[in-house]
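Subject: Structure handover

Hello,

Please find the structure below.

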Amino acid sequence: MTRGKRVQTAELEVRLLREGIIESRHLVQAAVADNRGRVLSVAGSAETASFVRSSLKPFQAMAVTSTGTLERFGLSDRDLAIMCSSHRGTIEQVRQVFNILWRCDVDPSMLQCPIPDGKRSPLEHNCSGKHAGMLAVCRQLGYPTSDYLQRNHPVQTLILSKVSELLRMPAAEFISAHDDCGAPTYFMQLGQMATLFAQLASGSSLDLERIVRAMTHHPILVAGEGEFDTEVMRLSEGALVSKSGAEGIQCIGRVGEGMGLAIKVMDGAKRAKYAVAVHLLKQIGWVTPAIAETLTERYLTLGNFKRLDVQGDLTAV
């Protein structure tokens, strides 16, 4: 992220209205950046930092696209899409994860993501596609598979090197922690998250271009029917690439334009990040009025008596 003067603007506020009366409030910060790392607009501060969580998945998949793993094992764009996913464990999604492992001759028991409550297999965990991709890279490059989630494992250092290169930041400067699935995640500023998604959407890298194509052509695999990422990519017909992260993270790239949007809900509320995403996509003109209306109905109207209202806007910097 290009460093300049520190800019602090008003945060966004999401209000839960029950029959027009404010019941709850969420404070939200956001940033838009280009693929050169320049922050273009902000609500709050682009230097606000959080763990990127599952919004990192498209960049973790670069370990697959950049090593010949897809070609060696005959993996498709559907396989790549599920590697980038936070899926719901549907039969279609679980079968796609299994397909990756089967083609790479990896037993599902080698997945080190947890077995979800009430489920029978780690294949059903929402991060199983990402884990399958990591194991596929291990098979391709001859890395050990028993400790593939350790921060110093070659597949993790490969992933970090890709992220480091995109952000032009030394790998040693990244702060990491284990995500809930066990894989490393990284502490980043909103401006850096937005820059990553601007890079993803820019079309300047064949590896990233293939990841975008996989996600936008197979949005049902990336999240699931009715889920925000799936619906944004489906409704925009591939003009936007979208990936949510836990604890109030939402990142979106405008395909072909080299611009990215990153959102952080300060209290981690999922409902607030979707409301802000719709609000800001309208403000910056990344969706048509018809798409905005559909998204508003799905993600800001919470039944007959409740709705979400977003106050505030991005400020150009």
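Which residues lie nearest the centre of the largest pocket? They are Ser86, Asn126, Gly245, Ala246 and Lys270, among 27 lining residues.

First, the ground rules. This is a predicted model, where local features need pLDDT of at least 70, side-chain atom pairs count only at pLDDT 80 or more, and totals for chains, interfaces and linings use all residues. Residues are numbered from 1 along each chain as its sequence is written, and side-chain values use heavy atoms, without hydrogens and water.

**Pocket**

A pocket is an open set of points on a 1 Å grid over the protein atoms alone, with protein on both sides within 12 Å along at least five of seven lines; lining residues have an atom within 4 Å of a point. The largest pocket has a volume of about 480 Å³ (the space filled by probe spheres set on the points, which are joined across faces, edges and corners). Helix H11 (228-235), strand E7 (240-245) and helix H12 (270-283) each give its lining at least two residues. Helices (H or I, at least four residues) and strands (E, at least two) are DSSP runs, numbered from the N terminus.

**Cavity**

A cavity is a set of grid points where a 1.4 Å probe fits but cannot get out. The whole structure was searched, and one cavity of 30 Å³ or more turned up. The largest cavity holds about 50 Å³ of space. Its lining includes Gln60, Met83 and Lys130. Helix H6 (128-141) and helix H2 (62-65) each supply at least two lining residues. H6 has the largest share, with four.

Best wishes
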